[in-house]
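Work through the exercises below with the sequence and the 3D view open. Try each task before reading its solution.

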Amino acid sequence: MRETPEELKELQALLDASLSRSTSHLRSIINSERTLTAEQLTQVLTGMCTLALSTVTAKGEPRISGVDGHFLHGKWYFGTARGAAKARHLAARPAVSAAHMCGEDLGVFTHGTVEILNPQDAEPAADWPDLRAYFKDFYGDDFFDWDNDVVYYRLHAHWMTVYAPDIAKLTAASQS
């Protein structure tokens, strides 16, 4: 777990507010017995988690693709090739939806906007050196040219909810 107490507090507030603003149908499925707290979520989402990421084309057509998601400091982080279609979509329209699902055991659903962490022609985010070190450690330093080949994003969620029907099973699996 890399989250500070303040980051956990912010994440919990987001989870609570998102669920309270959801439809009654969603709240009948995701309730206090079938969701995770911020602390539990950060214990479960470790390493790389495959995300289904949705973007929109200039014509308003939806596009979905997979990305390597990393849940750090209570937010999703992911990257793609600078020349990828999703990179063009995100540069023009930074609103996204992302889902991470593990069978019927876990669903994490997020809506928000992305921030480019390492823009090619501008200053990187202040925490980019630490994040790049994490990604290099995870993927290896010689995987690609970190300054030119890839672009990384932080997803600033305005809505996030978690479905976890068997919390004990899920948290036990994450500790083994």
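Predicted model: local features only at pLDDT ≥ 70, side-chain atom pairs only at ≥ 80, totals over all residues.

Residues are numbered from 1 along each chain as its sequence is written, and side-chain values use heavy atoms, with hydrogens and water left out.

**Exercise 1.** List the secondary structure elements of the protein in order.

Solution. Helices (H or I, at least four residues) and strands (E, at least two) are DSSP runs, numbered from the N terminus. Counting them gives six helices and six strands. Read from the N terminus, their order is α-α-α-β-β-β-α-β-β-α-β-α. The radius of gyration, taken over C-alpha atoms, is 16 Å, close to the 16 Å of the globule rule for 176 residues, so the protein is as compact as a globular protein of that length. That rule is 2.2 Å times the number of residues to the power 0.38.

**Exercise 2.** Describe how S2 pairs with S1 and with S3.

Solution. Two strands pair if DSSP finds at least two bridges between them. Step one: S1 and S2 run antiparallel and are joined by nine bridges. Leu 53 stands opposite Ser 65 in S2. Five residues separate the two strands of this hairpin, and Gly 60 in the turn has a positive phi of about 80°. Step two: S2 and S3 (residues 75-81) are also antiparallel, over three bridges. Here Leu 72 has Lys 75 in S3 as its bridge partner. This hairpin has two residues between its strands, and His 73 in the turn has a positive phi of about 55°.

**Exercise 3.** Is Thr 57 buried or exposed?

Solution. First locate Thr 57: the loop between S1 (48-56) and S2 (62-72) holds this residue. Next apply the cut-offs: buried means under 20% relative accessible area, exposed over 50%, partly exposed in between (1.4 Å probe, protein chains only). Thr 57 has a relative accessible area of 11%, so this residue is buried. Leaving out residues up to four places away in sequence, Thr 57 touches Arg 63, His 89 and Arg 93; contact means heavy atoms within 4.5 Å.

**Exercise 4.** Which residues lie nearest the centre of the largest pocket?

Solution. A pocket is an open set of points on a 1 Å grid over the protein atoms alone, where a 1.4 Å probe fits, with protein on both sides within 12 Å along at least five of seven lines; lining residues have an atom within 4 Å of a point. The lining has 14 residues, and Gln 12, Asp 16, Leu 19, Thr 35 and Leu 36 lie nearest the centre. H1 gives the largest share of this lining, four residues.
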